[in-house]
Amino acid sequence: MANRDYYEVLGVSRTATQDEIKKSFRAKAAALHPDNKETGNEGEFKELVNAYEVLSDEQKRTMYDRYGAEGVKGTGSRFEGFDAGGFGDLSDIFEYFFGGGTTRGRRRGGPERGADLKFDLELDFLEAVFGVEKKITIKHLEDCLECTGSGAAPGSSPVQCKTCGGMGQVRQTSATLFGHFTQVLPCPACDGEGTKIDRPCEECKGKGQLRKPKSLELKIPAGVDNGSRLRVGGAGDNGKKGAPAGDLYVVIHVRNHAVFQREGHTIHVRQPISYSMAALGGEILIDTVGGKKVLKVPAGTQSGTTLVMKEQGVPHLSSPQRRGDQQVHLVVDTPTRLSDEEKSLLKRLAELRGESLSVPAVAREEGQGKEGQQSLFDVIAGVFKPKNSADES
Ligand SMILES: [Zn+2]
Ligand SMILES: [Zn+2]
């Protein structure tokens, strides 16, 4: 399939500004995201994200303008590694492209930024559906109070590294067949710090930081699911020497429920109903995530019928006022232990409906006869024929 023109996909002119491209992407992404029941389209959404990735990057855009899709082939997609299990919520994708830009910038800026941390959080089924407040305790790196983060024992201070003269870098010249090469490397004596600690702080062993427990109050939004990731900005390891802290990523794990099964925003429930209820119709009380609700069963319901309870499912993470549905899968329960009175009533019912509970003798003989003829015919003809071929001829 030929690629559509990226400008066409985004619905912008070839001279569009970055603002216009961004604006158009936002609007189209909201419409095409697979979560959107009316206009969602996974294929077109992927195409849109792909086009945006190229046109939002001036370098890639120039390559595309000059050489077309071939020019940006194999430049790699930042988006591909983003969520291996399909697409995240739309808000995740927006955050990915637009949000968190400052943290990403810092990360590129210097190695001093604190590390990101991951915390696995287990939730009950209903907590994930409706959201919950949770207090968690993480262990992250904080400045050592004893040495106020310097790593040097109280009363002393770090001294300039003699090897690099405080530069943190050394030049290394090596001879090769092609001549001398000079490389600039981090100083091996001070690990590129430029300073050395003569008397390390005992509390932190000269590291300047200690891993300490820290309590956090988390507001888990309604609609999170297995694998959802929540970012708590700045809750990761503290940076060294006043550099920014890393982020904390809380990964959600949802426990199974005895009654409900979840599929995205849809809740599935299996509900046995009696034989009489299936035939006559009526009302039953059904468990929903919001408590028991009355469900009308229409007369003449077949086993395997699915009834939909609108908006009794899981709220959408990005817009909690929108909710999925609950699907009730009805199974007719055939009675097994019958009293004599029940047996006679059912037999009477069968009579009234003209239903026969056994095969009459005449029909039985006829059936056997036909089968006998057919197999005999097969032997004579010497060919295999399906059993019902005799009925057709
Ligand atoms: Zn210390
Ligand atoms: Zn050094």
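What follows is a set of questions and answers on this chain.

Author: This is a predicted model, in which local features need pLDDT of at least 70, side-chain atom pairs count only at pLDDT 80 or more, and totals for chains, interfaces and linings use all residues. Residues are numbered from 1 along each chain as its sequence is written, chains are lettered from A and ligands numbered from 1 in the order written, and side-chain values use heavy atoms, leaving out hydrogens and water.

Reader: How many helices and strands does the secondary structure of the chain come to?

Author: Helices are DSSP runs of H or I with at least four residues, strands are runs of E with at least two, and both are numbered from the N terminus. By that rule the chain has 11 helices and 15 strands.

Reader: What share of the residues in the chain is buried?

Author: Buried means under 20% relative accessible area, exposed over 50%, and partly exposed in between, with a 1.4 Å probe and protein chains only. The chain has 393 residues, and the buried share is 32%.

Reader: Among contacts between residues at least 6 apart in sequence, what percentage joins residues at least 24 apart?

Author: Contact means heavy atoms within 4.5 Å. Of the contacts in the chain between residues at least 6 apart, those joining residues at least 24 apart make up 60%.

Reader: Which residue is the bridge partner of Phe119 in β9?

Author: β1 and β9 (residues 248-254) run parallel and are joined by seven bridges. Within β9, Phe119 has as its partner Val250.

Reader: Which residues is Val224 in contact with, leaving aside neighbours within four places in sequence?

Author: Val224 is among the core members that touch the most others. With those sequence neighbours set aside, its contacts are Leu123, Ala128, Leu230, Ile252, Arg262 and Leu317.

Reader: Are α3 and α4 roughly parallel or roughly perpendicular?

Author: Axes are lines fitted to C-alpha atoms, for helices over the stretch in contact, with angles from 0 to 180 degrees between N-to-C directions. The axes of α3 (residues 42-55) and α4 (residues 58-67) come within 6 Å and cross at roughly 105°. Under 35 degrees counts as roughly parallel, over 145 as roughly antiparallel, 65 to 115 as roughly perpendicular and the rest as oblique. The angle therefore makes α3, relative to α4, roughly perpendicular.

Reader: Which residues in α4 meet Glu53, Val54 and Leu55 of α3?

Author: These three α3 residues meet three from α4: Lys60, Arg61 and Tyr64.

Reader: Which residues form the covered face of β14?

Author: In a regular strand the side chains alternate between the two faces of the sheet. β14 (residues 306-309) has Thr306 and Val308 on its uncovered face, while the covered one holds Leu307 and Met309.

Reader: Which residue in β15 stands opposite Thr306?

Author: β14 and β15 (residues 326-333) run antiparallel and are joined by four bridges. Opposite Thr306 is His329.

Reader: Through how many residues does the hairpin join β12 to β13?

Author: β12 (residues 282-288) and β13 (residues 291-297) run antiparallel, joined by seven bridges. Leu285 has Val294 as its bridge partner in β13. The hairpin link consists of two residues.

Reader: What is the phi of Thr148?

Author: Most residues other than glycine have a negative phi. Thr148 lies in the loop between β2 and β3 (159-160). Thr148 is exposed, at 66% relative accessible area. Although it is not a glycine, its phi is positive, about 45°.

Reader: Where is Lys205 found?

Author: Lys205 also has a positive phi, about 55°, and is not a glycine. Its relative accessible area is 64%, so Lys205 is exposed. Its place is the loop between β6 (195-196) and β7.

Notes:
Pairing = 2+ DSSP bridges. Core = buried A, V, L, I, M, F, W, Y, C linked by side-chain atoms within 4.5 Å.
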